[in-house]
Amino acid sequence: MKLLTRENVVEKVKKGESLSGVNLSQVDLSYSNLKAGDFSGADLSGSHLQNANMEKANLRGANLENAFLFGANLKEANLEGSNLKNANLQDTNLEKSNLKGTDLSNLSLFGAQLDGANLEGAVLRGTKLKRASLVGANLKNADLGGAHLQRAILKNADLTNTNLEGANLSHAELTGAKLPPESTKILP
């Protein structure tokens with residue numbers, strides 16, 4: 001199968017056609033409307049998705065390694081089991097998205113919107129979440145060891161059994177958050 005162009009991808013999504021398992025590596029889809037597209041298991045490694053609208057997209061098991069997602073709209077997207085190694089998610093809207101068990105280690109999520117997101121069991125070791133909003137996010141059993149959460153908003157977030165060892169929570173908003181019992185030793 002020949003490589004798809006930006007126009008081909010947008011047209012297929014518009015028609016409701018699945019792009020599951022398709023090789024879309026290095027494709028420039030920035031500013032494209034890909035709402036509710038099925039990209040499950042697709043290879044989007046190195047793709048350029050800046051400010052793309054991927055609201056409610058299915059990216060389960062997709063390869064997004066080195067993808068540039070700066071400012072993308074991934075509201076209510078399913079990213080469970082996706083590969084986001086070295087992806088840029090700065091200022092990305094991940095509100096109510098499913099990132100359950102996903103490895104987000106050392107990523108840039110500066111200013112990201114993660115309100116109501118499911119991050120249960122996610123690995124966020126060393127992740128940069130400065131100024132990120134995680135209001136009501138599910139972070140049960142997540143690993144936030146060494147994460148940068150300065151000025152992050154964690155109001156009403158569920159951090160039950162979450163590893164916060166070495167996390168920087170200076171000036172973070174924790175009103176109503178469910179914190180692990182041992183966090184009193186760790187928090188500033």
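I started with the side chain of Asn 138, which reaches the backbone nitrogen of Lys 140 at 3.0 Å. I count a polar contact as a pair of N or O atoms within 3.5 Å; within protein, one must be able to donate a hydrogen and the other to accept it, and residues adjacent in sequence count only if both atoms are side-chain atoms.

Caveats for myself: this is a predicted model, where local features need pLDDT of at least 70, side-chain atom pairs count only at pLDDT 80 or more, and totals for chains, interfaces and linings use all residues. Residues are numbered from 1 along each chain as its sequence is written, and side-chain values use heavy atoms, with hydrogens and water left out.

Then I listed what Asn 138 touches, leaving out residues up to four places away in sequence: Ala 117, Asn 118, Leu 119, Glu 120 and Asp 158. Contact here means heavy atoms within 4.5 Å.

I moved on to backbone angles. Asn 66 is not a glycine, yet its phi is positive, about 65 degrees. Asn 141 also has a positive phi, about 60 degrees, and is not a glycine either. I noted these because most residues other than glycine have a negative phi.

Last, accessibility for this pair: Asn 66 is partly exposed at 43%, and Asn 141 is partly exposed at 42%.

Technical notes
Buried < 20%, exposed > 50% of the residue type's maximum accessible area, 1.4 Å probe, protein only.
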